[in-house]
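Hello,

Here is the structure I promised to pass on to you. My notes on what turned up in it follow below.

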Amino acid sequence: MNTQFTSTAITGAGLAVGIALVVNELYRWWKGGGGGAAAAVAGGSSGRDPKVLLPFAGGMAFGTLMVACPAGLLGTAAGVLRWGGNSIGDFLMSTLTGQRSSMIGTGSAPALDGNGALIVTALVLALFLLRKVFAKAAKGRFKHGVFAGTLLAIGTGTFAVIGQLVVPSVNGLGAQLLGAVVHGSLV
């Protein structure tokens with residue numbers, strides 16, 4: 001198991017933006033799937049179909065994996081998204097309340113190892129190749145999930161559990177895949 005940790009900061013205001021994204025998505029789902037576009041994703045049905053939340057949840061998991069990348073394009077993009085979320089949140093917080101945000105977490109998710117990087121690389125390539133297949137509403141929910149995932153994955157407390165579950169699972173899946181394909185055995 002990899003004991004290396006990524007190091008990116010999250011402020012209280014950035015965490016508030018991430019929570020607001022999650023609440024917004026859940027509220028739209030609860031009120032009937034988020035309108036016409038979201039109903040189209042769910043096969044035309046309205047109501048609380050859990051399948052409508054899959055693109056958002058997948059985006060959150062992917063955002064978590066981006067934060068777990070110690071470098072590269074995905075790690076840099078996660079840093080930019082976190083910087084943007086922190087900046088937007090801090091502007092809103094100081095404008096609305098007169099208070100400045102403080103840093104609440106700096107690095108509590110394990111980094112991807114070589115095995116996890118194999119899975120993430122395959123996932124990025126598959127998403128790129130399949131980008132025309134996904135409905136526009138699903139792409140939007142996925143992007144919102146990525147943004148929320150980068151803001152919430154390395155929080156403290158409850159949100160740190162996301163990073164502690166997703167990243168080691170992907171590292172383990174990569175080790176199993178590599179063992180099965182290269183060595184002909186499951187690890």
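Let me start with the pocket lining: in the largest pocket it consists of 11 nonpolar, one polar and three charged residues (Ala, Val, Leu, Ile, Met, Phe, Trp, Tyr, Cys and Pro count as nonpolar, Asp, Glu, Lys and Arg as charged, and the others, Gly among them, as polar). Please keep in mind that this is a predicted model, where local features need pLDDT of at least 70, side-chain atom pairs count only at pLDDT 80 or more, and totals for chains, interfaces and linings use all residues. Residues are numbered from 1 along each chain as its sequence is written, and side-chain values use heavy atoms, with hydrogens and water left out.

The volume of that largest pocket is about 450 Å³. A pocket here is an open set of points on a 1 Å grid over the protein atoms alone, where a 1.4 Å probe fits, with protein on both sides within 12 Å along at least five of seven lines; lining residues have an atom within 4 Å of a point. The volume is the space filled by probe spheres set on the points. Of the 15 lining residues, Leu127, Phe134, Lys139, Phe142 and Lys143 are the closest to the centre. Two or more lining residues come from each of α3, α5 (114–129) and α6; helices are DSSP runs (H or I, at least four residues), numbered from the N terminus.

Now the helix packing. The axes of α3 (residues 54–68) and α6 (residues 136–152) come within 6 Å and cross at roughly 40° (axes are lines fitted to C-alpha atoms over the stretch in contact, and angles run from 0 to 180 degrees between N-to-C directions). This pair is therefore oblique, as angles under 35 degrees count as roughly parallel, over 145 as roughly antiparallel, 65 to 115 as roughly perpendicular and the rest as oblique. Their contact (heavy atoms within 4.5 Å) includes Phe56 and Phe62 of α3 and Phe142 and His144 of α6.

Helix α3 also packs against α4 (residues 72–97), at about 110° with the axes 7 Å apart, which makes the two roughly perpendicular. Phe62, Met66 and Val67 of α3 take part, with Leu74 and Leu81 among the α4 residues. By class, this contact has seven nonpolar, one polar and one charged residues.

Finally, α1 (residues 12–30) and α6 pack at about 145°, their axes 8 Å apart.

Best wishes
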